[in-house]
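Work through the exercises below with the sequence and the model at hand. Each task is followed by a worked solution.

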Amino acid sequence: MLPGRDPIGRAAAPAGAGHTSRATGLARVMGTRIAWTGVGDGEFFCPGCGGDRNYQRLTGRRRFTLLGVPVLPRGETGPVVECAACRHHYALDVLDHPTTIRFSAMLRDAVHTVALAVLATDGSCTRTALTVAAGAVRSAGYEDCTEDQLGALVEALAADTGRVHGEPCGPGLAIELHEALDPLAPHLAPTGREAILLQGARIALADGPYTPAEREVLATVGAALTICADEVTRLLETARTPS
């Protein structure tokens, strides 16, 4: 008798083939189908595409099917986020990640706020410090920012709040820093958080050593960026070392 054939010469079925065939047939007869319903849309950062895409928010209802026909409800599923480009589904927490455009705006506003906070503590608000600050703000995205504009904002801030140059970081300024930096910090790599702190440090050092008020503001910046106090101290000393 030839190998792989039964006593009358027919090809023998592989082991388990009958079971597989029955399972496949059963799956074709019975199964589960999800009917999706759109409940919202917008723009998000798609982790699959690696960029900003449109999305649709979906909720689904499972139904037991017989011969491909829905016959019994099996409960709800979702909600999920479906990318309009790649069609992949994601959990709702994917919407917590800012879009590229939103992230750029958050970073730009953060650098601008830190620059103003440091300048507001400088007793003289010198031209040198304004030049360094304006360069940092322009690099962050405010391309038309000038030294005169920053100087006017610092003076307006002092007049509006009654703040005196050189005083410690007050509650109002600390709140502004946290409002600008807290939403951004989770989306920055450690080097990105450190870079924002170091920009503030270079503005403070532009016209001389740190003042106590400047150190306090920079400590607040570090805390808002979730940088530990010891690391803040190390980075501030690093900024003092000529490159």
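**Exercise 1.** At what angle do helix α2 and helix α7 pack, and how far apart are their axes?

Solution. The structure is a predicted model, in which local features need pLDDT of at least 70 and side-chain atom pairs count only at pLDDT 80 or more, while totals for chains, interfaces and linings use all residues. Residues are numbered from 1 along each chain as its sequence is written, and side-chain values use heavy atoms, with hydrogens and water left out.

Step 1. Locate the helices: α2 covers residues 100-121 and α7 covers residues 212-224. Helices (H or I, at least four residues) and strands (E, at least two) are DSSP runs, numbered from the N terminus.

Step 2. Read off the geometry: the angle is about 160 degrees, and the axes are 8 Å apart. Axes are lines fitted to C-alpha atoms, for helices over the stretch in contact, and angles run from 0 to 180 degrees between N-to-C directions.

Step 3. List the residues that make the contact (heavy atoms within 4.5 Å): α2 supplies Val114, Ala117, Val118 and Thr121, and α7 supplies Ala213, Glu214, Val217, Leu218 and Val221.

**Exercise 2.** Which residues of α7 are buried?

Solution. Step 1. Apply the cut-offs: buried means under 20% relative accessible area, exposed over 50%, and partly exposed in between (1.4 Å probe, protein chains only).

Step 1. The buried residues in α7 are Ala213, Glu214, Val217, Leu218, Thr220, Val221, Gly222 and Ala224.

Step 2. Check the helix length: the 13 residues of α7 should span 18 Å at 1.5 Å a residue, and the end C-alpha atoms are 19 Å apart, which agrees. The expected span is 1.5 Å times one less than the number of residues.

Step 3. Look just past α7, where Thr226 has a positive phi of about 60 degrees.

**Exercise 3.** Is Thr113 buried or exposed, and what does this residue contact?

Solution. Step 1. Thr113 belongs to helix α2.

Step 1. Its relative accessibility is 19%, so Thr113 counts as buried.

Step 2. Leaving aside neighbours within four places in sequence, Thr113 contacts Glu176, Leu177 and Ala180.

**Exercise 4.** Where is His97 found?

Solution. Step 1. His97 sits in the loop between β4 (89-90) and α2.

Step 1. With a relative accessible area of 36%, His97 is partly exposed.

Step 2. Apart from neighbours within four places in sequence, His97 contacts Phe45 and His187.
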